[in-house]
Amino acid sequence: MANMKEIQERMKSIQDTMKITNAMYLISSSKMKKARKSLEDTEPYFYTLQSTMARILRHIPEMEDIYFESAEQTKKQEDIRAGFVVITADKGMAGAYNHNVIRLAEEEMAKYKDPRLMVIGEQGRHYFEQKRQDLYKEFRHTVQSPTLHRARTIRNEILSHYLNHELDKIFIVFTRQINSMQSEAEIQQLLPLKKADYKSILPPGITISELDLRPSPNEVMDRIVPNYIVGFVYGALVESYCSEQSSRMTAMEAATNSAKDMLRELDILYNRVRQAAITQEITEVIGGVRAQKKKKR
């Protein structure tokens, strides 16, 4: 059994660790609220872009555009050149956050013959480098500070590969925050867009007014879609960032609770050792007194 000094040292170490986990919990909470507020401020603009795209397609359903999926699929799935933008964290200590994203990305990439990997986040970069997976592109200093500027940089990169016909499809793998306590890794197809995702069914009796698109519907759409992709990428970055902070909050809360349980157990153990030491001292004193009495006789 450990002595009192060893138990006290261990208790102090746990208390110091608990201070760190508490601080990390509060920091993650503050970061998550700030990022969520930034996303809410920009969402109306990108939702308007999405509704405008749906309105154009409702008026011109037969319109063909380079950004939209063609009705005729000429390539088999194993022959499609697919790109994957995978959003992970820069840091650990966030529970299963990074593991879930990486696992989903690997499952989806396995469906294609030669997937191209674009990684956002140091954890993902380190993981795929250790697996000797070639990185098509990596974006640094982005995860911990999701901004529209960085979303545009990512948009420009993926659009250049798509428009130059280097990639046939581009997917984004990120984590969506379901609520403050739950998040889930998911994959979305960024390019080409699917017309079915933007079609809305109008109630009977509603007439469709004419839409004047200048200089042409395709040119209007070609200006809207890149900005919409910026919004989607930015939303995925912020959702992932909020999910990371939420996962870290949960992990730090669990660590703090575990530390409290350990302190309670150590406190009980310390009291037992202390009582045993006091009992031992009393026994020794009594033994000494008896020995003195025997000598006097």
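In what order do the five strands form an open sheet? The order is β3-β2-β1-β4-β5, and the pairing is mixed. This is a predicted model. The protein has 297 residues, and 38% of them count as buried.

**Overall build**
- The secondary structure comes to five helices and five strands.
- Read from the N terminus, the elements run α-β-α-β-α-β-α-β-β-α.
- Take the contacts between residues at least 6 apart in sequence: 76% of them join residues at least 24 apart.
- The accessible surface is about 17900 Å². Carbon and sulfur atoms account for 51% of that surface.

**The sheet**
- Strands of a sheet pair through backbone hydrogen bonds, and the pairing can be parallel or antiparallel.
- Here the five strands make an open sheet with mixed pairing.
- β3 (135–139) and β5 (182–191) stand at the edges. Each has a single partner strand, so one side of each is left without a neighbour in the sheet.
- On average, neighbouring strands of this sheet are turned by 20° against each other, with direction ignored.

**Strand β2 and its partners**
- Strand β2 covers residues 116–120.
- β2 is mostly covered, with four of its five residues buried.
- β2 and β3 run parallel and are joined by four bridges.
- Two residue pairs illustrate this link. V119 stands opposite E138 in β3, and L117 has L135 in β3 as its bridge partner.
- β1 also pairs with β2 in the parallel sense, over five bridges.
- Which residue of β2 is the bridge partner of V85? The partner is M118.

**Helices and the sheet**
- β1, helix α2 (residues 97–109) and β2 make a right-handed β-α-β unit.
- β2, α3 and β3 make a right-handed β-α-β unit too.
- Helix α3 (residues 122–130) lies across β2 and β3. Its direction is at about 155° to β3.
- Helix α4 (residues 148–163) lies across β1 (82–87), β2, β3, β4 (169–179) and β5. Helix α4 runs at about 160° to β3.

**Nonpolar cores**
- In soluble globular proteins, nonpolar side chains tend to be buried together.
- The largest nonpolar core in this model has 45 residues.
- The residues with the most contacts inside this core are M53, F68, I120, I170, M221, V225 and I229.
- Which elements give two or more residues to this core? They are α1 (4–59), β1, β2, α4, β4, β5 and α5.
- The largest share comes from α5, with 15 residues.
- A second, separate core has 16 residues, including V101, A105, Y112 and L117.

**A closer look at E244**
- E244 sits in helix α5 (residues 217–296).
- Is E244 buried or exposed? Buried means under 20% relative accessible area. E244 has 0% relative accessibility, so E244 counts as buried.
- What is E244 in contact with, leaving aside its neighbours within four places in sequence? The contacts are A89, A94, Y97, V143 and Q144.
- One of these contacts, Y97, belongs to helix α2 (residues 97–109).

Note on methods. Residues numbered from 1 in each chain as written. Predicted model: local features only at pLDDT ≥ 70, side-chain atom pairs only at ≥ 80, totals over all residues. Heavy atoms only, no water. Buried < 20%, exposed > 50% of the residue type's maximum accessible area, 1.4 Å probe, protein only. Contact = heavy atoms within 4.5 Å. Areas by Shrake-Rupley, 256 points an atom, 1.4 Å probe, with all protein chains shown as cover. Pairing = 2+ DSSP bridges. Axes fitted to C-alpha atoms, helices over the stretch in contact; angles between N-to-C directions. Right-handed = clockwise from strand over helix to strand, strands pointing away. Core = buried A, V, L, I, M, F, W, Y, C linked by side-chain atoms within 4.5 Å.
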